Amino acid sequence: MSRAGRATPPTARGRTARRHHRAPATFVDHVREDSTVVRRGSRRHRKHQQPAAGSTWWAPAARGWWIAVLFAVGSLLFAVGSVPGYADAVGTRGDTVTYFVGSLFFTSASFLCYRETVDAAPPAQNPHHRRFFTYQPHRIDWWATAVQLVGTVYFNVSTGLAMADNLSAEAAHQHVWRPDAIGSVCFLVASALAWYEACHGWLAWRPRSWAWWITLANLIGSVAFGVSAVAGYIDPVTGQVHNVDRADTQTLIGALCFLVGAVLLLPERTEEARHRPTIPRSGPQAAAGP
C-alpha cells in the first residue's frame, strides 16, 4: 500500500562574505584580507565553510557527514517500506512505523541542512546570529532548505497519523493523504530550487560535478514522490486508495533516488577545492565559479 494509505573547499579568511544580489542569488563574493574577491557558488560556499574533517566515509564529528547519513537512512527506510511484500511480512502496523521512523530521519537531516544554510549567511543578513528563526528571502539556499524542512514535518504528520487504528475515510483523507501531498509538493519545490542553485539556471550539463548529480537525483526523486502522492489519493467517502501499486512503485523509485543523492553528499563534502581565479576588489568583476 502507499505510504499515505496505511491508515487503512574551506572559505577564504576575510572580512566578510558578500552575497551576489541577483534574483535568485546563486553566487557568493568573499573578500579576502588582501582585498581580492573570490566568487563561488552559494552551494559550494555553504558546503565548504570549514575544512572537511575526517574521511569521506567516516566523519562523525562533521555536520555534513551526519546530513548524508541521516538522509540515507531515511531514504532506505522509505524504500524498504514500499518494497512489494514488505507490508505483508511485517503487517500494516510495522509498515507504517517504518515510514514514520524514516520521516524522522528526513526531518533531522533537513534541520541540519537548514542550520548549515543559516550558518553560511554573511553577518549583515543575520546580525543577531540566530540559528533557526531567520528570514533571508534573497537566498535561494535558504528557501530550498526551509521549504524542505517544512515538507519533512508534513511527512511526520502524515506517517505518524497513518499509524492510528480505525481512522475514518474523511480523517485518512484530511490527516494522512493531505499532509503527504503537501510534503511532496514541498520536496518538489525545494529540489527545484536546489537544482537551480547548483546549475545557476534551469538547464546545465555538469556530469563532473557532485552537486549536479546530487540535485538531479533529488529532483527525480521528488517528482516520483509527487506521482506517488497523486496515486495514493484517499477517497474521503470510501477510504479507498486510488492506485496502491503505482503509489508504492513511485515511492520506491523516489526513495532510491534520494538514497543515491544522500550517498553522493559524502564525496561532495570532502572534494578538493578547485582553483579559483581572483581579482582585486577594485576590479570590474569577480571571477565566477560553480
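Trainee: How many helices and strands does the secondary structure of the chain come to?

Mentor: In this predicted model, the chain has seven helices and four strands. Read from the N terminus, the order of elements is β-β-β-α-α-α-α-α-α-α-β.

Trainee: What share of the residues of the chain counts as buried?

Mentor: The figure is 51% of the 290 residues.

Trainee: Why are H5 and H6 called roughly antiparallel?

Mentor: The axes of H5, residues 169-199, and H6, residues 210-231, cross at roughly 155°. Angles over 145 degrees count as roughly antiparallel, so H5 and H6 are given that label. Their axes come within 8 Å, and the crossing of H5 past H6 is left-handed.

Trainee: Which residues make the contact between H5 and H6?

Mentor: On the H5 side they include Trp177, Asp180, Phe187, Leu188 and Trp195. On the H6 side, Trp212, Leu216, Leu219, Val223 and Phe225 are among them. By class, the residues of this contact are 16 nonpolar, six polar and one charged.

Trainee: What makes H2 roughly antiparallel to H3?

Mentor: H2 covers residues 63-82 and H3 residues 86-119, and the two pack at an angle of about 155°. The cut-off for the label is over 145 degrees, and therefore H2 is roughly antiparallel to H3. The axes are 7 Å apart, and H2 passes H3 in a left-handed crossing.

Trainee: How do the residues of the contact of H2 with H3 divide?

Mentor: There are 16 nonpolar, nine polar and five charged residues in that contact.

Trainee: Now the loop between H5 and H6. Why does Gly201 count as buried?

Mentor: Gly201, which sits in that loop, has a relative accessibility of 12%.

Trainee: How far apart are Gly201 and Thr26, in sequence and in space?

Mentor: They are separated by 175 residues in sequence, while their C-alpha atoms are 8.8 Å apart.

Trainee: What is the phi of His200?

Mentor: Phi of His200 is near 55°, which is positive, and the residue is not a glycine. His200 is in the loop between H5 and H6.

Trainee: Where is Asn166 found, and why is Asn166 called exposed?

Mentor: Asn166 is in the loop between H4 and H5. Its relative accessible area is 77%; exposed means over 50%, so the term applies to Asn166. Asn166 also has a positive phi, about 60°, without being a glycine.

Trainee: Thr145 lies in H4. Is Thr145 buried or exposed, and how do you know?

Mentor: Buried: the relative accessibility of Thr145 is 8%. The limit is under 20%, so Thr145 falls in the buried class. H4 itself spans residues 140-161.

Trainee: Which residues is Thr145 in contact with, leaving aside its neighbours within four places in sequence?

Mentor: On that basis Thr145 contacts Cys113, Tyr114 and Thr117.

Trainee: What lies 2.9 Å from a polar atom of the side chain of Thr145?

Mentor: The backbone oxygen of Asp141 does. A polar contact needs the two atoms within 3.5 Å, and the distance here is 2.9 Å.

Terms used
Residues are numbered from 1 along each chain as its sequence is written. This is a predicted model: local features need pLDDT of at least 70, side-chain atom pairs count only at pLDDT 80 or more; totals for chains, interfaces and linings use all residues. Side-chain values use heavy atoms; hydrogens and water are left out. Axes are lines fitted to C-alpha atoms, for helices over the stretch in contact, and angles run from 0 to 180 degrees between N-to-C directions. Angles under 35 degrees count as roughly parallel, over 145 as roughly antiparallel, 65 to 115 as roughly perpendicular and the rest as oblique. A crossing is left-handed if the near helix is turned anticlockwise from the far one by less than a right angle, and right-handed if clockwise. Contact means heavy atoms within 4.5 Å. Ala, Val, Leu, Ile, Met, Phe, Trp, Tyr, Cys and Pro count as nonpolar, Asp, Glu, Lys and Arg as charged, and the others, Gly among them, as polar. Buried means under 20% relative accessible area, exposed over 50%, partly exposed in between (1.4 Å probe, protein chains only). A polar contact is a pair of N or O atoms within 3.5 Å; within protein, one must be able to donate a hydrogen and the other to accept it, and residues adjacent in sequence count only if both atoms are side-chain atoms.
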